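User: Hi! Could you walk me through this structure with some questions and answers?

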Amino acid sequence: LGLNLKHGPNIAYTIITLLTVKLAFLAALWCFFGALRYTGLRSHHRFYLTLTLGAGSLLFPWSTTFNNHSLAASFLTIGFYFLLKVRFEEAHGRYFLISGVCFALAGACDVPTGLFHLLFTGYLIIISTSPRHIVLFTAPLLLTMTIYMAHNAMISGSITPFQTNPEFFAYEGSAFAQPGELSGTQVNSPAAILGQVIHYLFGKNGFILYNPMLFIAVPLLLREIFLKRDFWREACLILAGSIVIMTYYFVMTNNSGGWSYSIRWFVPLLPMVLFFLYPVFETRSPKTRLFTVLLCASLVISLVGTFDPWSDKSVNEASL
């Protein structure tokens, strides 16, 4: 379109973000609403839960910026929706393919989230999915990983993620030249790991504090597993994947994701975890009232984040 990329507010960045992150975000909300249909909830209850994800979680502020974490969250949501379509409707080959493409794209956007593709591949094998459908689901991952590694090799000469090669960041004036500044290159001590768990979840940038709905969603996810409710198998995989991904960051990082609004690394986990809020509306209970209170708080928290997801003004005056 002849638009120049330059420092500061720029219509080109707005268009790029709109056609990538924002478009994927809107598609994810549509799929999240659709996935909740399989829980048996009424449409207005599904709307409240979709509002919770779309405007009452960190996915909302991060969907206003060009970043890989919200893209991964959106692709995981779409992929999960089509897996549920396979389970509750006819096992059309196109559903397996679409789901596989989305899980693969999530892994290409945010490498650790590729774990969910592997976990749900195992899930499909366990429930005796036909070999053809498994191939349709897994083939996209092979394609995206091949492109991803080729892209890395063309730029750096190494097929591994850039961040696992600290020598790439050792240049004059680098903000990552000091020991411990570059995430993913060293293992924390046990004491440091415990400190990271507390800080990342409940500290000044604590992920659970910035997403109050997790105070309800996580216990309900565990309840889904222990009582072997309708989605207990999916809950097991989501819990396992979330624990592994979060543990990686607890063990390998020490900077909270830089100048970001809470812990941006965990944003991709939100949609699938918040899906397990659905029992809140099965019967009227104290949980319903707690849900309302926490939703009000969540809406305020996420709205604040939209004004400035990146908080270091010395880097860029344009935060949105």
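Analyst: Happy to. Let's start with a definition: a residue is buried at under 20% relative accessible area, exposed at over 50% and partly exposed in between, with a 1.4 Å probe and protein chains only. This is a predicted model, in which local features need pLDDT of at least 70, side-chain atom pairs count only at pLDDT 80 or more, and totals for chains, interfaces and linings use all residues. Residues are numbered from 1 along each chain as its sequence is written, and side-chain values use heavy atoms, with hydrogens and water left out.

User: Is serine 262 buried or exposed?

Analyst: Serine 262 sits in the loop between H11 and H12. Its phi is positive, about 65°, although serine 262 is not a glycine. Its relative accessible area is 0%, so serine 262 is buried.

User: And lysine 228, is that buried or exposed?

Analyst: Lysine 228 belongs to the loop between H10 and H11, and its phi, near 50°, is a positive value in a residue other than glycine. Its relative accessibility is 57%, so lysine 228 counts as exposed.

User: How many helices and strands does the protein chain have?

Analyst: Helices (H or I, at least four residues) and strands (E, at least two) are DSSP runs, numbered from the N terminus. Along the sequence the pattern is α-α-α-α-α-α-α-α-α-α-α-α-α. The count is 13 helices and 0 strands.

User: What is the radius of gyration of the protein chain?

Analyst: The radius is taken over C-alpha atoms, and the globule rule is 2.2 Å times the number of residues to the power 0.38. For 320 residues that rule gives 20 Å, and the chain comes close to it, so it is as compact as a globular protein of that length; its radius of gyration is 20 Å.

User: What share of the residues in the protein chain is buried?

Analyst: The C-alpha trace spans about 60 × 50 × 45 Å along its principal axes. Of the 320 residues in the chain, the buried share is 50%.

User: How far apart are the end C-alpha atoms of helix H11?

Analyst: The expected span of a helix is 1.5 Å times one less than its number of residues. Helix H11 (residues 232-252) has 21 residues and should therefore span 30 Å; the distance between its end C-alpha atoms agrees, at 30 Å.

User: Which helices do the buried residues of H11 pack against?

Analyst: The buried residues of H11 include Leu237, Ile238, Ile245 and Phe250. Counting a contact as heavy atoms within 4.5 Å, the partners of the buried residues are H4, H6, H8, H10 and H12.

User: Which helices do the buried residues of H2 pack against?

Analyst: Helix H2 (residues 43-55) reaches 18 Å from its first C-alpha to its last, close to the 18 Å expected. Among its buried residues are His45, Arg46, Leu49 and Leu53. Their packing partners are H1, H3, H12 and H13.

User: Which residues does threonine 144 touch, not counting residues up to four places away in sequence?

Analyst: Threonine 144 is part of helix H7 (residues 131-156). With a relative accessible area of 13%, threonine 144 is buried. Beyond four places in sequence, threonine 144 touches Ala104, Leu105 and Ala108.

User: How far apart in space are aspartate 230 and glycine 258?

Analyst: Aspartate 230 lies in the loop between H10 and H11 and is exposed, with a relative accessible area of 54%. Aspartate 230 touches Arg87 and Glu224, leaving out residues up to four places away in sequence. Glycine 258 is 28 residues from aspartate 230 in sequence, and their C-alpha to C-alpha distance is 39 Å.
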